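User: I would like to learn how to read strands, helices and packing in a model. Please take me through one case.

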Amino acid sequence: MAVKSYNYKGRPRHNYKSDRFAGDIVNITFNIEGESETGPEILRFDTTIRYFDTGDTGGETLLLVHGIGQSLFTWRQNIDFFADSGYRVIAMDLAGCGFSGHPNIYYTVEENALVIGAFLDAMGIEKTHIAAFSTGALSALVYAHTNPERVDRLVLVSPGGPNENYPFALRALTTWLGRTLFLMHLSETAVRNILSDLFFDATQIGPQVVAGYYKPLRYRDVRETLVMMMMHFDDTYVRSILKSIRHRILVFSGTEDRLHTEDMIRDYALIPPHAEHIRVRNCGHLVHEEKADRFNEAALSFLTKKYAWEEEEPI
């Protein structure tokens, strides 16, 4: 079986140091099995991951995973809360996103699960809770399925991925013209317009929020990742494994989410045997941002909940 090595670390980015959650960089390596004319081969990729690590290093670990087109900036209202509650909190930028490196992969749900695993390996994390948003939640499910002993509990926020409800500006990325224009230029106004479809309360879309989302998207390679994620999204596999995931899961959804409707969320909330569901009223897609206090308290209650003595823990 052939092994090919790819070293796509992307350009180093040090201009984010003014960001309070600037964090650090770690090198990771992961393998993807593929096919060639001569038969099966393993492609090895080396890249860098930007992360922010805080809290009690002796406590339980909580990994925060963002969704499509985001960075760890999306967890800005949650990091300190869980750190102050006794957790070691690690928020990561997935490969190709935020200020991480840009490997030459397709950025599928399954490939992002490999990135999560490689990151945990590089950080020396043997077991962790995971809170993940949107497409990141699907990658977290895949990782938990393939590495059940390394994941404790899962908090999934608005799980799902690209569909016909997504803003036109994002759906257009699957067309030649749409992605060509997007890769040429993206304005803060365009980012604000996309965010307006994600929030129920538009007053929360202030200049700092827009700037935080826009900052990494100024780079063409980050925009290329978003295009790849839109073009290659496929949730067939993750849906096929839902019944077999034995972890305790808490699913959050917003009653006013225009992207992932209640029907779309239902599978993730009902099919896994140990899943619970909280629907947050007057809230859009970004539950952990728009209703941060409600999310933080409910997620903490779930993570610390002691189940009845006669009920055996699934993992």
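User: How many residues of strand β6 (residues 128-133) are buried?

Analyst: First, the ground rules. This is a predicted model, in which local features need pLDDT of at least 70, side-chain atom pairs count only at pLDDT 80 or more, and totals for chains, interfaces and linings use all residues. Residues are numbered from 1 along each chain as its sequence is written, and side-chain values use heavy atoms, with hydrogens and water left out. Buried means under 20% relative accessible area, exposed over 50%, and partly exposed in between (1.4 Å probe, protein chains only). Helices (H or I, at least four residues) and strands (E, at least two) are DSSP runs, numbered from the N terminus. Now the case: β6 is mostly covered, with 6 of its 6 residues buried.

User: Which residues of β6 point one way, and which the other?

Analyst: In a regular strand the side chains alternate between the two faces of the sheet. In β6, Thr128, Ile130 and Ala132 take one side. His129, Ala131 and Phe133 take the other, and all are buried.

User: In which sense do β4 and β6 pair, and over how many bridges?

Analyst: Two strands pair if DSSP finds at least two bridges between them. Strand β4 (residues 61-65) and β6 pair in the parallel sense over 4 bridges. Leu64 has Ala131 of β6 as its bridge partner. Leu62 has His129 in β6. β6 also pairs with strand β7 (residues 151-157), in the parallel sense, over 5 bridges. There, Thr128 has Val151 of β7 as its bridge partner.

User: How does the chain get from β6 to β7?

Analyst: It crosses through helix α3 (residues 135-146), and this β-α-β crossover is right-handed. The test: with the strands pointing away from the viewer, the path from the first strand over the helix to the second runs clockwise.

User: Where do the residues of β4 point, and are they buried or exposed?

Analyst: Thr61, Leu63 and Val65 point one way, Leu62 and Leu64 the other, and all are buried. Leu62 stands opposite Val89 of β5. From β4 the chain crosses through helix α1 (residues 79-84) to β5, in another β-α-β crossover that is right-handed.

User: What does the side chain of His129 make a polar contact with?

Analyst: A polar contact is a pair of N or O atoms within 3.5 Å; within protein, one must be able to donate a hydrogen and the other to accept it, and residues adjacent in sequence count only if both atoms are side-chain atoms. The side chain of His129 makes one with the side chain of Glu60, at 2.6 Å. His129 is buried, with a relative accessible area of 2%. Plain contact means heavy atoms within 4.5 Å. Not counting residues up to four places away in sequence, His129 touches Glu60, Thr61, Leu62, Leu63, Tyr87, Asp152, Arg153 and Leu303.

User: Which residues touch the most other members of the largest nonpolar core?

Analyst: A nonpolar core is a set of buried Ala, Val, Leu, Ile, Met, Phe, Trp, Tyr and Cys residues joined through side-chain atoms within 4.5 Å. The largest one here has 104 residues, and Phe119, Leu141 and Phe252 touch the most other members. The largest share of this core, 8 residues, comes from α2. Beyond four places in sequence, the residues that Leu141 touches include Leu154, Leu156, Val238 and Tyr268.

User: Why do the buried residues of α5 line one face of the helix?

Analyst: An α-helix has 3.6 residues a turn, so residues three or four places apart point the same way. In helix α5 (residues 176-184), Gly178, Phe182 and Leu183 are buried. Seen down the axis, the buried residues of α5 fall within an arc of 120°, so they line one face. The arc is that of the directions from the helix axis to the C-beta atoms. The face turned away carries the exposed residues Trp176, Leu177 and Met184. The buried residues of α5 pack against α8 (220-231).

User: How many residues apart in sequence are Phe81 and Glu297?

Analyst: They are 216 residues apart in sequence and 8.9 Å apart in space, C-alpha to C-alpha. Phe81 sits in helix α1. Phe81 is partly exposed, with a relative accessible area of 21%. Leaving aside neighbours within four places in sequence, Phe81 is in contact with Asn296, Glu297 and Leu300.
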